[in-house]
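Okay, thanks for coming, everyone. Let me put the structure up and walk you through a few spots.

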Amino acid sequence: PMADGMKLAADELNAANFLGADKIKVIVVDNASDRGQSMTAVTRYGNDPEVIAILGPNSAAQAIPSSSVANELKVPLLTGTNTPVVNKAGPWGFIAAHPAEVTMPLLGNYAISRGKVRNCAFFYAQDNEASVGMSNDLRKVTEGQGMKVAEVVGVKTTESDFSAIATRVVAAKPDCVFMLTLA
C-alpha cells in the first residue's frame with residue numbers, strides 16, 4: 001500500500017507539472033524484511049546521483065541500520081517506522097510516524113476509558129525496537145490505570161507457528177489482545 005501511495009502521488013504531481021519539465025520516478029525495491037538487503041538497497045540508491053531521497057524501509061529493524069547508511073551517504077531517508085533512533089543516527093534520517101511515547105498513551109487511555117479493558121494480552125516482535133517500545137509504553141500507561149496484563153509474549157519476526165502461543169493467550173481470557181508484529 002505504501003508503494004502504491006507513492007506511485008499515485010508521483011503520478012499526480014507529474015500530471016500537474018509540479019516540478020516543471022522534471023518528473024518524479026518511483027523505484028520500488030523489496031527488502032524481504034531483511035536488514036542486509038535494506039542496507040544494500042540504501043547504499044545502491046544512495047550512491048545514485050539521480051536519487052534525491054529514499055522512502056522506507058518501514059520496519060525499525062531495517063530502518064535503524066539503514067539510517068546510518070543514509071547518513072554516511074548524506075541522502076534523505078524517510079522511514080515508515082516510529083522509532084526516534086532513526087533520527088538520532090544523524091541529520092539525514094526521518095520517521096513518518098509519531099513515536100510510541102506519543103501514540104501509546106492515547107491508545108491506552110482510549111482502551112481503558114472507552115473500551116473498558118481490564119486485562120490485556122501483549123503479543124509483540126521482540127527483535128523489533130519499535131514493537132518493543134510500543135508494547136512497553138502501552139503497558140506502562142494501562143497498568144498505571146489498573147489494567148492487568150493477562151499474558152506477555154515476545155516473538156521473533158522469523159517465527160511463523162503461533163499455535164502454542166494462541167492457546168496460552170486464549171486460556172488467559174483477556175479482554176483484548178495487543179498484537180504488534182509484522183504480518
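**A charge, some rings and a sheet**

So, start with Arg139: its charged end sits over the ring of Phe122, 6.0 Å from the ring's centre. Keep in mind as we go that what you're looking at is a predicted model.

How many aromatic pairs does the structure hold? There are 2. Let me show you one of them, Phe123 with Phe162, which is edge-to-face. The centres are 5.4 Å apart, and the planes make an angle of 85°. Where do these two sit in the chain? Phe123 is in strand β4, residues 119–125, while Phe162 is in the loop between β5 (148–155) and α7 (163–172), so the pair ties together parts that are 39 residues apart in sequence.

And are the two partners buried or exposed? Phe123 is buried, at 7% relative accessible area. Phe162 is partly exposed, at 28%.

Okay, over to the sheet. Here we've got an open sheet of 3 strands, in the order β1-β2-β3, and the pairing is parallel. The edge strands are β1, at 54–55, and β3, at 93–95, and each of those pairs on one side only. Then there's helix α3, residues 60–73, which packs on the sheet and touches β2 and β3. Its direction makes about 165° with that of β2.

Let's zoom in on β1 and its neighbour β2, residues 77–79: they run parallel and are joined by 2 bridges. If you want a residue to look for there, find Leu55, which stands opposite Leu78 in β2.

That's my tour, thanks.

How values were computed: Residues are numbered from 1 along each chain as its sequence is written. This is a predicted model: local features need pLDDT of at least 70, side-chain atom pairs count only at pLDDT 80 or more; totals for chains, interfaces and linings use all residues. Side-chain values use heavy atoms; hydrogens and water are left out. Two strands pair if DSSP finds at least two bridges between them. Helices (H or I, at least four residues) and strands (E, at least two) are DSSP runs, numbered from the N terminus. Contact means heavy atoms within 4.5 Å. Axes are lines fitted to C-alpha atoms, for helices over the stretch in contact, and angles run from 0 to 180 degrees between N-to-C directions. Rings of Phe, Tyr and Trp (its six-membered ring) pair if their centres lie within 6.5 Å; planes under 30 degrees apart count as stacked, over 60 as edge-to-face and the rest as tilted. Buried means under 20% relative accessible area, exposed over 50%, partly exposed in between (1.4 Å probe, protein chains only). A charge sits over a ring if NZ of Lys or CZ of Arg is within 6 Å of the ring centre and within 35 degrees of the ring normal.
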